[in-house]
Amino acid sequence: MIEQVAIAFEHKDYQTAAKLLKQLLVESPEHPWVQFYLGRLHEVSGKLQDAEKVYRQLLRDTRNTRIVTLARQGLRRLQEIELEERQRAISQATADGNNSELGVLILEPLSNELKTEASRNFAQIMQLDPYTARLLLPSRGWRLYRIGQVGELKFYGKQLQQAGIPCFWATIAQIQQIQVYQVKYFQESTPQATVVCRNETNQLGSLTFDWSEVTARVVGLLPIFEQVVDVDAYRKLEWKTQTQDYTQFCDLHIPGRRCILRLYDNGYEFQQGLEIIPQANQNTIRINWNSLSSWINQQLPQVQIWSDFTSFADTTLDQTEMLGHIKSHIHLLRREQTNWDSAFHLYSGLVFVKYANKSYK
């Protein structure tokens, strides 16, 4: 009867093949050829996951070299079908003009207890080997995983979310639409806060807001590089670029006004406006900044602080082309351009985009 099944498949008479297989599955359910043609029937019926299970089971259990070869060929066909379907779905997802915009796909951290199953799902969705997939899933902080058309990123992102892998996506345009004000100093703190600040065209003005409008606070350190003279292995003098110091940044997010208030230690005028730090002119910048940070903590005790910028930057700094599309709104005196500035604005902007809508629904 196996021969009849083979003939039926050869003539694409799948109805007859199904009837014959139904009987064979009662008489000899474990027979390798019966299982192989069951897998073929699943395949031609569009039950691709069932077909894959049968083919993989045959590879594990049978020693018949002919069946092993056919099962491997079946798995290759399934992979080709999946790839074609995926490409078709991606083409549809990016057909809309808005979905063709440049975007980023961000992986969110997972506990180690969840990583084993998540890495298997991640590997299957993204066509990776399980070991690489596990290494890519972050345990702490966000990881910039992919850059491309946001329609494609959304396609993958939804599959990852359905598989229990936390992630989100955003367009570079969304980041660029956020207004950034450079805070010079606080002028008032009660009943409302007022800051003196500069806008994107460097115009000086003031902005008054309720502390309750602030939904997030993003902090980070940006390195300051200097050229220094060093001695190489041959005792010759050479110039090297080294990190000499760090500048501390703090962003206050006000999504209701689509803006970020940006403060940094060397740009804040501690001796102007509201007296937050007594005798500020006698302190170091570090002491003044720490005091200012503590004061802001008191004003915003319930607001989440995002402080994993450095780990995020490790996954981002080599993406020079993408970061080149991002205006950093950071005005440090630098001898050479660096990706650190744009990376910080991207990080802060992603926090803004991800949580702004949730705060004001």
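The disulfide count comes to 0, a disulfide being a pair of cysteine sulfur atoms within 2.5 Å. This is a predicted model, with pLDDT of at least 70 needed for local features and pLDDT 80 or more for side-chain atom pairs, while totals for chains, interfaces and linings use all residues. Residues are numbered from 1 along each chain as its sequence is written, and side-chain values use heavy atoms, with hydrogens and water left out.

Take Cys250: its closest cysteine sulfur sits in Cys259, 13 Å away, so a bond is out of reach. For Cys259, the closest cysteine sulfur is that of Cys197, and 8.4 Å is again too far for a bond. Cys250 is buried at 2% relative accessibility, and Cys259 is buried at 1%; here, buried means under 20% relative accessible area, exposed over 50%, and partly exposed in between (1.4 Å probe, protein chains only).

On the backbone side, Thr190 and Pro191 are joined by a cis peptide bond, with omega at about -10°. Pro191 belongs to the loop between β4 (179-188) and β5 (193-198). Helices (H or I, at least four residues) and strands (E, at least two) are DSSP runs, numbered from the N terminus.

Positive phi turns up at Lys12, a non-glycine residue, with a value of about 60°. Lys12 is found in the loop between α1 (2-10) and α2 (14-27), and is exposed, at 62% relative accessible area. Arg258, not a glycine either, has a positive phi of about 55°. The loop between β8 (237-254) and β9 (259-264) holds Arg258, which is partly exposed at 34% relative accessibility.
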